[in-house]
Amino acid sequence: ATEKRTILITGGAGFIGSNFIHYLALERPDWHIVNLDKLTYAGSLDNLDGLNPDFQYDFIQGDITDGGLLNRLHRRYHFDGIVHFAAESHVDNSIASPETFVMSNVMGTFTLLEAARKWWMPKGRSACQGRFLHISTDEVFGELGKTGVFSETSPYRPNSPYSASKAGSDHLVRSYVKTYGMDCITTNCSNNYGPRQHREKFIPTVINTAMTGKEIPIYGDGSNIRDWLFVKDHCEALLGIFEYSDPGEHYLIGANNEQNNLDLARLICQKLDEIVPSLGGKSYTDQIRFVEDRPGHDIRYAVDHSKLTGELGWKPVTTFESGLTETIHWYIGKLNKKL
Ligand code: NAD
Ligand code: TDX
């Protein structure tokens with residue numbers, strides 16, 4: 001399974017994609033990685049700092065909706081795999097301006113699928129010569145009440161333009177498996193946290209606002225619940241699935257780590273109180289403020305990942321305590337660099 005491979009990674013300058021490339025540089029140092037990223041506001045080449053210079057890695061700035069570019073890249077590199085992270089990813093932005101979500105998430109995934117089908121199945125329905133791993137979200141299943149969990153059999157019920165666009169991309173991937181026999185796999189993961197996440201997301205927002213003396217914004221009453229997975233554990237799951245899963249599979253990935261937003265903000269503040277006590281001894285929790293709720297704000301997500309554990313033996317290994325501490329130290333380091 002660890003033979004040399006040439007993999008196209010889309011969105012590798014974003015949060016999870018860049019963590020995945022760092023993970024591959026350590027775990028599969030003989031692979032050749034081509035990172036295609038548009039460098040929207042969410043992507044940053046700083047996220048790739050520190051890669052081993054011997055690692056075969058190329059960066060291409062470009063848009064996944066550009067089929068001509070995809071074909072030129074394939075002629076140059078002869079990809080035998082795609083790991084597809086590129087997407088507009090922030091729910092609040094999708095509420096304010098949904099169009100780019102449809103373009104990048106739906107049209108972008110479609111353009112990639114169409115390109116890969118022609119590269120890898122030139123004679124129509126025949127053995128597919130490459131593997132397409134599509135990274136999606138648990139948000140496609142909508143929201144849960146106080147009980148229950150999402151599983152691979154949960155119906156799709158997206159509630160935001162973001163999750164609807166991701167659901168659309170999942171359906172296209174599914175159709176390429178069923179109709180053309182393409183070797184695609186879809187994963188739906190719960191909320192990731194860790195180094196290199198964009199500051200717009202909740203955990204970086206709490207750390208940055210706390211540390212810079214600003215108000216820490218909690219939407220609504222703070223009772224909404226998310227399941228938080230450390231990004232490195234996600235990367236481990238993705239590599240295992242990419243290498244060992246059967247074609248056409250579908251896996252949910254989660255952490256069994258449900259937290260409500262208010263408790264999580266308090267926990268981060270308490271950790272900051274220990275790591276960087278504020279002058280005057282005030283707790284960062286004093287900066288917490290309730291603000292207007294997100295429209296259509298999903299109440300709760302929770303994920304049953306027992307299929308993945310049963311078939312491939314993966315389970316999350318990072319405790320929330322250690323993952324959060326590592327994350328907080330990473331953001332403090334970033335803030336200090338700016339000073
Ligand atoms: P991110 O916003 O940090 O990064 C997305 C990257 O994609 C950016 O570098 C951006 O420049 C690039 N991109 C966007 N549109 C593009 C286009 N049209 N062409 C080329 N590049 C483009 O996102 P993330 O949090 O790293 O999420 C990565 C993937 O994982 C997404 O598909 C997201 O839906 C999914 N996901 C994220 C989470 C999470 O908690 N962050 C959870 C589950 C699933
Ligand atoms: O300032 C904030 N205050 C707040 O209370 C922000 C930014 C968020 N929140 C709440 C909203 C959510 O209940 O915190 C929770 C987490 O918010 P986000 O970090 O925006 O994540 P979420 O909306 O849950 O979506 C994330 O997880 C699933 C990613 O952004 C998606 O890309 C992924 O698919």
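Axes, for the helices on this tour, are lines fitted to C-alpha atoms over the stretch in contact, and the angles between N-to-C directions run from 0 to 180 degrees. The model is predicted, with local features needing pLDDT of at least 70 and side-chain atom pairs counting only at pLDDT 80 or more, while totals for chains, interfaces and linings use all residues. Residues are numbered from 1 along each chain as its sequence is written, and chains are lettered from A and ligands numbered from 1 in the order in which they are written.

Select helix α2 (residues 67-77) together with α4 (99-120); their axes lie 10 Å apart and the helices pack at an angle of about 35°. The crossing of α2 with α4 is right-handed, that is, the near helix is turned clockwise from the far one by less than a right angle. Gly67, Leu70, Asn71 and His74 of α2 meet Thr111, Leu112, Glu114, Ala115 and Trp119 of α4, where contact requires C-beta atoms, placed from the backbone, within 7 Å. By class, this contact holds 4 nonpolar, 4 polar and 1 charged residue (Ala, Val, Leu, Ile, Met, Phe, Trp, Tyr, Cys and Pro count as nonpolar, Asp, Glu, Lys and Arg as charged, and the others, Gly among them, as polar).

Now centre the view on ligand 1, which has 31 residues around it, with Gly11, Gly14, Phe15, Gly43 and Ala87 coming nearest (a residue is near if its C-beta atom, placed from the backbone, lies within 6 Å). At least two residues of this shell are supplied by each of α1, α4, β5 (131-137) and β7 (191-193), and the shell comprises 11 nonpolar, 15 polar and 5 charged residues.

Finally, show the whole protein chain, which has 10 helices and 12 strands, taken as DSSP runs numbered from the N terminus (helices H or I, at least four residues; strands E, at least two). Along its principal axes the C-alpha trace spans about 70 × 45 × 40 Å. Buried residues, those with 20 or more other C-beta atoms within 10 Å of their own, make up 43% of the 339 residues.

Methods: A residue is buried if 20 or more other C-beta atoms lie within 10 Å of its own, exposed if 12 or fewer, and partly exposed in between; C-beta atoms are placed from the backbone. Two residues are in contact if their C-beta atoms, placed from the backbone, lie within 7 Å.
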